[in-house]
Amino acid sequence: MKSIGKFLAATSLAGSLLAASSAFSAETIKIGVAGPMTGANATFGEQVWTGASAYVNEVNAAGGIDGKQIELVKGDDACEPKQAVAVANRFVDQDKVKAVVGHFCSSSTIPASEIYADAGILTVTPSSTNPIVTDRDLDTMFRTCGRDDQQAVVAGGFILDTLKLDKVALIHDKDTYGQGLVDALKKTLAERGVEPVLYEGLTRGERDFNALVTKIKSSGATAVYFGGLIPEAGPLIRQIHEQGLAVKFVSGDALAQTEIVSAAGGPQFLKDVYYSSAADPKQDPDTAEAQEALKKANIAPDNYTLFGYASAQTIVAALKGSNNGETEAQVDWLRNNAVKTAVGNLAWNEKGDVKDFKFVFYSFDDKGAPVAAN
Amino acid sequence: MDFYILAQQLVNGITLGSIYGLIAVGYTMVYGVIRMINFAHGDVYMVSAYVAAITLAVLHSFGVDSVPFAIISVLVVTCFITGVYGWTIERVAYRPLRGSTKLAPLISAIGISLMLQSYVQVAQGARDQGVPVLVSGALRLGTDKDFAQITYMQLVILVASFVAMAILTYLISYTTLGRQCRATQQNRHISAVLGVNTDRIISSVFVIGAATAAVGGVLVTFNYGSFNFFIGFVMGIKAFTAAVLGGIGSLPGAILGGLVLGLTEALFAGYVSTDYKDVFAFALLIVILFFRPYGLLGRPEIQKV
């Protein structure tokens, strides 16, 4: 009996080895997509995933890269740095991905990208705007979005020159993205000789910011700049209105989502709200092709869907441009070529930042649709 | 100016505190009867926010315009449906494990909590959802520029928590069900021997706990206007803290703990730093437990040897 058992075990082992090797010979190109698929920011992860898979489906339908199909692997980091590192290790060791779209939150992208850089894997984040992401001389790190220090300079100019307000309350959510953005703005304001009247961090996941709003009121601020995401921005905006504060609310690119309208409780609360974001991709003629493709696939062109789509386009372009070559060739190709993406024509500098990324300010009309503000 | 700011922070703190208190009641009641923490309670609260929004949408589609009627019927429907969730959680996650180690139901409750979160995320999407503003406007005290205010919705919250607590106190102190609850709390085996159906009592406690969470969920949803599948986490932790602070197992303790926590947070955030308000709130919890290990109104558990 024992020997039969051993024999069975041996054959099943051989069988599984065979299965593994046949899966290998099918030769797909694996690309990881990492972001918050669960947790408070899951909506963003979903958008990135939807965008990236929409583009990959198109490429696969058109024959893939050199006849090889692309396979996307999902990684859920829940915007937790620790989990991001685990996802990165899995991508490198187990899934053996060729490139990564991600991560979403700057606080996740920063630790994960070190692992990708060590393994020589091309990484394109659709959304991490913190300067550190590309400031560490990691050759493999690219982004399709802007940088917070660029965004902060634009925001400083907008508040001081366009809105003509100089009593600014700076509020952040104590996360890498939010606090990074607010700190960069603080520096920009200091260069213009303006000290913020208030600098506070709120707790992510809470809904009641009334105490903070009362504090903003007593600080005499005329403008509030918030660095953070929609789940906190919505209630904060609403409570500012409910307490009758006459302030302009300014924020960053995280607000470029239709759901801000429901999170704030309706368009009537968004009257004095402004946010900076990439120039509306939908107006850019270069993106017409991508728009058309998303429409055909019946996918809503949400902000991060477009950036996820664009990141996948960047990776596929680099793989094709380097003839599916080594990472160095891919990086080289991206530095010397421009890619026509869903968010416009992108070209990159040595660091991996988009050249001449433009931030534009938006406000909301009566129905909560974004309109250009300057 | 300063007086109005202080008054405003007190209003902020009391409203927040009474919500904490309402959710804390669920923790404290379950703990009182079976000496276990129901870690799925925060997510029951989250589910109630969704049920409230859906009920409101259904009422709206039937053309119900009266705001008081809408609020009351949403409250009733949500309490009922959320109560069913509470009952189910007890049947699925607690009752089968009642004879096993103390840690087993704790883990199964955490499992239920994750399950509810994922279920709502998949079924309703991860986006922030919103409900329209039902009650707007506020009572203002002071001049046009300097004033303290309490919004009508905040008034509704205070009144509703007061009424909910009054009903609950009556239920526990004066009804047969309440008497059986207290008996089960004191000694489950003896109560069973004396003819109390303790299984049914434990079920009712879960239902009542879930229903008070639903009152909180409805009020919070109408007050803050937006919610997602993750709101149960922070609220659950805060309410649990309130329950421990007030003395877990004690009903007035839960409300007192909630108010202390809410006021501490509002005043510390308002006068010192928002960044450190949670640090301070939890440091205060440690200090209070240091001097009163059973919380503000808790009674020490007597170990019979």
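Colleague: Which residues touch the most other members of the largest nonpolar core?

Modeller: This is a predicted model. In its largest nonpolar core, which has 200 residues, A:Ile31, A:Ala52, A:Val224, A:Tyr225 and A:Ile315 touch the most other members. At least three residues of this core come from each of domain 1 and domain 2 of chain A.

Colleague: What is A:Val224 in contact with, leaving aside neighbours within four places in sequence?

Modeller: A:Val224 is in contact with A:Ala169, A:Ile171, A:Ile216, A:Ile240, A:Val247, A:Phe249 and A:Val250.

Colleague: Where do the two domains of chain A run?

Modeller: The assignment places domain 1 at 26-145 + 284-346 and domain 2 at 148-280 + 359-372. Their centres, taken over C-alpha atoms, are separated by 29 Å.

Colleague: How many residues of each domain are in contact with the other?

Modeller: The contact involves 15 residues of domain 1 and 17 residues of domain 2. On the domain 1 side, helix 4 (residues 106-119) provides the largest share, 3 residues. That side has 6 nonpolar, 7 polar and 2 charged residues.

Colleague: How many helices and strands does chain A have?

Modeller: Chain A has 12 helices and 14 strands. Its radius of gyration is 23 Å, close to the 21 Å from the globule rule for 374 residues, so chain A is as compact as a globular protein of that length.

Colleague: What percentage of chain A is buried?

Modeller: Buried residues account for 55% of the 374 residues in chain A. Among contacts in chain A with a separation of 6 or more, 70% link residues 24 or more positions apart.

Colleague: Which parts of chain B does UniProt annotate as "transmembrane region"?

Modeller: The unreviewed UniProt entry gives that annotation to residues 12-32, 44-63, 69-89, 150-172, 201-222, 228-248, 255-273 and 279-297 of chain B.

Colleague: How much helix is there in residues 44-63 of chain B?

Modeller: Residues 44-63 of chain B are 90% helix and 0% strand, and their end C-alpha atoms lie 28 Å apart. For residues 255-273 of chain B, the values are 89% helix and 0% strand, with the end C-alpha atoms 25 Å apart.

Note on methods. Residues are numbered from 1 along each chain as its sequence is written. Chains are lettered from A and ligands numbered from 1 in the order in which they are written. This is a predicted model: local features need pLDDT of at least 70, side-chain atom pairs count only at pLDDT 80 or more; totals for chains, interfaces and linings use all residues. A nonpolar core is a set of buried Ala, Val, Leu, Ile, Met, Phe, Trp, Tyr and Cys residues joined through C-beta atoms within 7 Å. A residue is buried if 20 or more other C-beta atoms lie within 10 Å of its own, exposed if 12 or fewer, and partly exposed in between; C-beta atoms are placed from the backbone. Domain bounds come from an automatic or database domain assignment. Two residues are in contact if their C-beta atoms, placed from the backbone, lie within 7 Å. Helices (H or I, at least four residues) and strands (E, at least two) are DSSP runs, numbered from the N terminus. The radius of gyration is taken over C-alpha atoms; the globule rule is 2.2 Å times the number of residues to the power 0.38. UniProt positions are given in the numbering used here, feature names are shortened, and annotations may be inferred rather than shown by experiment. Ala, Val, Leu, Ile, Met, Phe, Trp, Tyr, Cys and Pro count as nonpolar, Asp, Glu, Lys and Arg as charged, and the others, Gly among them, as polar.
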